Amino acid sequence: MKKKLLSLLLAATMIGSMVVSTSVFAEDEAAAEETATEEAPAEEAGEKNIPELTTEPLKIVLWDIATEDPTKSIQEDAVARFMADYPNITVEQVHQQNDNYKQQLIVAMSSKQAPDMYIHWGGGPMAEYYKSGFVNDLTEMYNTYDHPDFIEGAVAQASYDGKILAIPFGGLSGCDIFYNKTIFAEVGIEVPQTIDELEAACDKLIEAGYVPFSLANGSKWTGSMYYMYLVARHSGNDEFNAAYTQEGSFTSDAFIWAGEKIQDWVKKGYFPEGVNSLSTDDGQDRALLYDGTCAMMLHGSWQGRSIMTDSQEWYDQNLGVFRFPEDAEAAANGVPQDVEVGTAIGNGFSFNCWNEDGSVDQAKLDACYVLATQYYNDETYNAAQMAASTTPSINGYADQIENEIDKTVADIFFNASNVQLWYDQYLPASVTEVHKDCMTELFGLEKTPQEIGEEQDAAMQAYLAENAG
Amino acid sequence: MTNKSSLAKRREKNTMIAAVVFLFPAVFLIIVYMLYPVIDTFVISGYSWNGISADRTFIGLKNWITLIRDPSFWAAFGHNVVVMIFSILIQIPIGMLLATFLDAGGKKFNIFKILWFLPYLMSSVAIGFLFTYALATNGGIFSSLATLISGHKVSVDLLGKNPQALFAVIGVMAWQFTPFYMVYFIAGYGNIDTSVYEAAVIDGATRGQYLRHIAIPLLGPIFKTACTMSLIGSLKYFDLIWSMTGGGPAGGTELMATYMYKLSFQQFNMGYGSCVAAGMFILITLIALVFQKIFVVKEDY
Amino acid sequence: MEQKEVDYRKEKMKSRIAWVVAFILALMWSVVALLPFFFMVMNSFRKQFDMLSQGVFHLPDPWNFQNYVEIVSKGFFGYFLRSVIVVAVCLVLMLIIASFAAYPLSRMQFKGRGLIYAGIVAMMSIPMHVTLIPIFKMTTDMGLYDTLQALIGPYVTFALPMAVFILTAFMMTIPREIEESAEIDGCNKFRIFFSMILPLSKSGLSTLAIYNGVSMWNEFAFANTLIQSAANKTLPLALGQFKGEHSLDIPIILSVLVLSVLPMIILFIIFQDKLVKGMMAGSVKG
């Protein structure tokens, strides 16, 4: 259901997390230093610097999308621990369905019935909720009180316009190449370090009768991962950032290079036939891995867990993971080769606590803050998250990972010089639609890289023009 | 004379009272749950609004001007028209054929009736999932059949390319909805007085003649309502497209309803989304009206 | 005489061939109708990994009954019961209200008839998503949010325009003489409606019951918007219990769908037989 998730993330106005001003980084570091790291368990609340909560009865309505175990029980446990410590506070935890979650939230907000505390994925929607008055600014509280030692990227993604607007709790997602170790051994190929080696490996795989990459591009954001990585390897974050403001262009070098590479790969048979008709929601890409048609799959790191859930045996026997290979030529020109595509927060909670007269309902806000920082994100919570193969976006956890694949994924993520947030989460929603359609046309060989670049430029310009005034 | 006219008046008054009483519950509910939201939609279409913010800016007809010039909207409308034409051309004739077969066969064909009705009972979630696989290039039914027939590996890409993606979805829709029209026509046949059939048999008509010359013409009004339903249903269709293609590839299966939904609930553009919805409402009503006017059938027999 | 005999034989021969052809086509159509259904059932007895690795169109190997155990243990019957209640109440209300409205529209002459009819039929063109926000607001204002009653209004109303439209068409086919003779006997409109019109509209009503019963049974958007606590959720929302953020256990979803559709099939088998009888009775009276 990742398609839905990402489409939730596409957002209208998204200036925010891009301008994720350096000041936020600085602020966060400062804050982190001030409060030092605090991995102390929540039980020692006495020593903690957290707001004093009300003793009056209080009810918090909380929306999440934890419909399924293990997430469901992990999150319900966090709420139960909180309610045990603060018996006067009731948390009404509502598990919404991910598919329609964004619609639900719009319906509720538009009717002034929004929950007090709700999950989102940061990015444009968060900015929109904030601008419409459904998000409390947490900057001051965050700097005053204890909070988990979130990694920089996570705080950046929970911020907009220099303000901290959400508390992350979902863990990070990278994007890496999963591969079938058995096939690699059989064909006799090593994990490729450069794109040239990757291509050589692919050619060998084709010779041996395999399709190199399993890709279900019916979902479009899946094909975008290849495009994003090739652009990032060829130009770091620079060309994309320039294209975003239209000081540069989606037809600049890296974009054309990435587009041509993809089309070349399509022609050489690196992707399954009918790549645009396959749907990742229905598991068609995993199916191609399982039945031994394909040898590799570039995908979000959550796929590791999905594969494990499908079959522990297959996972143990066959699955390996590696970082997207480097562009040797660009590396020689000094382009950083360790940009990671992905997201530093799986999810964040924003708070919506206001009095009738429009002032902040501090008592409720305090309670939400304590719940999100001390019960979600506490040791018990994070240990359970780790057991479920999710790495919290908190410093120090990457070292504790035992599972080899999770460890590789986390290492790649934490060693990245920069995180390139998914385009479809980062671009304004209207541009995202165009970008995604361009991915269909690119992989379908219906349009040239130049043409899709121009289309994306036009959409971006239209957006900028509309939001200039 | 005066007596008579007052009697007629009283009668008219009685009829009026009865009509009001009978119509009241339906009209009341429709005003509350449908008319009010429609008016609301038209009002919102005059604003620039993200759907959640307390303040919205009135921009007059700006959204409507955008709508008239919006190629995406008209492309979506075009897809809707294609869906409409093929839905009517496929679902209704097949539905009628199946109903005729069942009606002619009588009770001994009940098993067919049950089997044929099954597709309609399946939820769109399951249909979307199974047909995504059935239409897939790898291991899908059509690709496998083509491979089998031609003797070498052929992959038929039905959902990933335009324009066939739209037709693939139209096919799935037909599979899902034909059973409903079948049941509808069975009911239509059932409504025909048995005496009509008996009279026909006495006159020496065969079953086929009875069907051709008597039953099918008698189904006129039923036929017209079926077409109207199919027409309106396909112009506002949403479900299966949403779960199978999401409007893709490259907008090739985008319909007015999916376009409206994306704008309103995913892109924070409720103002324009409402305008699209209002435009949709006007277009569908117009087309349905024109259809009603053109397609005149004898309504009594 | 002889000529006629030959004609008759020819006719019979022709009709026999026609029947054979029709029968073969009927069998083919049955396969087309049944196959996806069959695979829905088969896949519900598999594990996700087996389904993905062996292919979707493959028989279960090995058979897995765990999916059904799991959904039943996760409160399937609660969802089921609530769905039954909602659909039963809404369907009965809807059919009564719709036939009430169709009667004057099809068989009475009064001012504004055309306008009301056109207005109701026009409501068929409403895209339902635009009504979500207004209806949500109304429901919370009425204090019905998160109750099963909240679904009654939208379910009944959204079925009405089409139901009125169809019933009007069906009622128009009832011969006018029946009503006239009753009127002469001094029956008022209400007696006529209940004793004649309603029984004679049985076939239309049963089609509508089938059509709307299925759509209410599968209805998702309103239920998802108007109900939030697990204790009030209906069957289509139960699917959400088995969908995660990134993961989707398709066989489990399919097994929920199989269990949901089963009662519908049983009802249809019983109902379609009744439907025929009902029509016969109606015709005899007519």
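Helices (H or I, at least four residues) and strands (E, at least two) are DSSP runs, numbered from the N terminus. By that rule, chain C comes to 13 helices and zero strands, while chain A has 23 helices and 13 strands. The structure you are looking at is a predicted model, in which local features need pLDDT of at least 70, side-chain atom pairs count only at pLDDT 80 or more, and totals for chains, interfaces and linings use all residues. Residues are numbered from 1 along each chain as its sequence is written, chains are lettered from A and ligands numbered from 1 in the order in which they are written, and side-chain values use heavy atoms, with hydrogens and water left out.

**How confident is the prediction?**

- For the complex, the predictor gives an ipTM of 0.85 and a pTM of 0.87.
- Chain C has a mean pLDDT of 85, and 90% of its residues reach 70 or more; pLDDT is the predictor's confidence in each residue, from 0 to 100.
- Within chain C, confidence is highest in helix α4 (residues 76-107), at a mean of 94, and lowest in helix α13 (residues 250-285), at 72.
- Over residues 277-286 of chain C the pLDDT is below 50, and this stretch has eleven contacts in the model beyond near neighbours in sequence; contact means heavy atoms within 4.5 Å.
- Where pLDDT is low, the predicted coordinates should not be read in detail.

**Chain C: layout and surface**

- The C-alpha trace of chain C spans about 70 × 65 × 30 Å along its principal axes.
- Its radius of gyration is 25 Å, whereas a compact globule of 286 residues would have one near 19 Å; the radius is taken over C-alpha atoms, and the globule rule is 2.2 Å times the number of residues to the power 0.38.
- Of the 286 residues in chain C, 56% are buried; buried means under 20% relative accessible area, exposed over 50%, and partly exposed in between (1.4 Å probe, protein chains only).
- Among the contacts in chain C with a separation of 6 or more, 74% are between residues 24 or more positions apart.
- Carbon and sulfur atoms hold 70% of the accessible surface of chain C, which comes to about 12600 Å²; such areas come from the Shrake-Rupley method with a 1.4 Å probe, and for residues, only the protein chains shown count as cover.
- Chain C carries 23 positive and 18 negative side chains, and the centres of the two sets lie 3 Å apart. Lys and Arg count as positive and Asp and Glu as negative, with His and the chain ends not counted; the place of a charge is NZ of Lys, CZ of Arg, CG of Asp or CD of Glu.

**Chain A: burial and surface**

- In chain A, 66% of the 469 residues count as buried.
- Chain A exposes about 15700 Å², and carbon and sulfur atoms supply 47% of that area.

- A:S173 sits in the loop between β6 (167-168) and β7 (175-180) of chain A. This residue is buried because its relative accessible area is 9%, and its contacts beyond four places in sequence include A:W302 and A:F413.
- A:A200 is in helix α10 (residues 195-207) of chain A and is partly exposed because its relative accessibility is 43%.
- C:A18 belongs to helix α1 (residues 2-43) of chain C, and its C-alpha atom is separated by 33 Å from that of C:L267, 249 residues apart along the chain.
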